[in-house]
Amino acid sequence: PSFPTSPVTREHAEPQRRRFPREAAMSTLLAFDFGLARIGVAVGETETGHAHPLAVIAEEASAVRFAAIEKLLAEWKPTGLVVGLPTHVDGTEHAMTVRCRRFANQLHGRYGLPVSLVDERLSSAEAEERLSEAGHHGWRKQKPRLDSAAAQIILNQHLESTRHAAP
């Protein structure tokens, strides 16, 4: 089956659980926890179904952010991208939801890779809890680590959902 190449649009009220092309059965994915100050990045493999924190892009200028993303894409050569989609706890959208959809559209438009949106409600809270359990207290000092850990959780959610999806 081929992957739809249309960009992510506002009409999609729910995060998209997309399946990447069959030839990408054993492939690398990059995930992004988009924020205004930082973007957390994680990498994962579809073969193992595991993700790992990778980096934090701590630049606010769009050109610098996309240059850093290009370097990661060149290094990891992913077959798809995953973007966390924040919503209110009840699932309704807010201002960051719109920004994340725009970021996902930009990724797709610039790099031509399939982009999947994943519900990221509470991923930062889960990342903070995991870091605290690992002995990393004081989230303000650990914010960059928190962002990449949140991207890892987002990617793990995507990998888990695709593993259980019908063939």
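## Helix α1 and its packing

The buried residues of α1 pack against β1, β2, β3 (50–57), β4 and α2. This is a predicted model. The buried set in α1 is R65, F66, I69, L72 and L73. These residues cover an arc of only 115° around the axis, so they sit on the same side of α1. The other side of α1 carries A63, K71 and E75, which are exposed.

The length of α1 was also checked. Its 15 residues, at 1.5 Å a residue, should span 21 Å. The end C-alpha atoms of α1 are 21 Å apart, so the two values agree. Just after α1 comes K77, with a positive phi of about 45°.

## Overall layout

The protein has 4 helices and 5 strands. Read from the N terminus, the order of elements is β-β-β-α-β-α-β-α-α. Of its 167 residues, 43% count as buried.

Contacts across the sequence are counted next. Take the contacts in the protein with a separation of 6 or more: residues 24 or more positions apart account for 66% of them.

## The nonpolar cores

In soluble globular proteins, nonpolar side chains tend to be buried together. Here the largest nonpolar core has 22 residues. Those with the most contacts inside this core are L30, F32, I69, L81, V83, F103 and L107. Six elements are listed as giving two or more residues to this core: β1 (28–34), β2 (39–45), α1 (62–76), β4 (80–85), α2 (95–111) and β5 (115–119). The largest share, 5 residues, comes from α2.

## Aromatic contacts

A search of the whole structure finds 3 aromatic pairs. One of them joins F32 and F103 edge-to-face, at 5.7 Å centre to centre and with 80° between the planes. This pair links distant parts of the chain. F32 belongs to strand β1 and F103 to helix α2, 71 residues apart.

Are F32 and F103 buried or exposed? The cut-off for buried is under 20% relative accessible area. F32 has 0% relative accessibility, so F32 counts as buried. F103 has a relative accessible area of 3%, so F103 is buried too.

Ring pairs join F32, F34, F66 and F103 into a cluster. The charged end of R110 sits over the ring of F66, 3.8 Å from the ring centre.

## F34 in strand β1

F34 lies in strand β1. At 13% relative accessibility, F34 is under the 20% cut-off and therefore counts as buried.

Which residues does F34 contact, beyond its neighbours within four places in sequence? They are I39, R65, M96, R99, C100 and F103. Among these, R65 is one of the buried residues of α1, and F103 is also in the ring cluster with F34.

Key:
Residues are numbered from 1 along each chain as its sequence is written. This is a predicted model: local features need pLDDT of at least 70, side-chain atom pairs count only at pLDDT 80 or more; totals for chains, interfaces and linings use all residues. Side-chain values use heavy atoms; hydrogens and water are left out. A nonpolar core is a set of buried Ala, Val, Leu, Ile, Met, Phe, Trp, Tyr and Cys residues joined through side-chain atoms within 4.5 Å. Buried means under 20% relative accessible area, exposed over 50%, partly exposed in between (1.4 Å probe, protein chains only). Contact means heavy atoms within 4.5 Å. Rings of Phe, Tyr and Trp (its six-membered ring) pair if their centres lie within 6.5 Å; planes under 30 degrees apart count as stacked, over 60 as edge-to-face and the rest as tilted. A charge sits over a ring if NZ of Lys or CZ of Arg is within 6 Å of the ring centre and within 35 degrees of the ring normal. The expected span of a helix is 1.5 Å times one less than its number of residues. The arc is that of the directions from the helix axis to the C-beta atoms.
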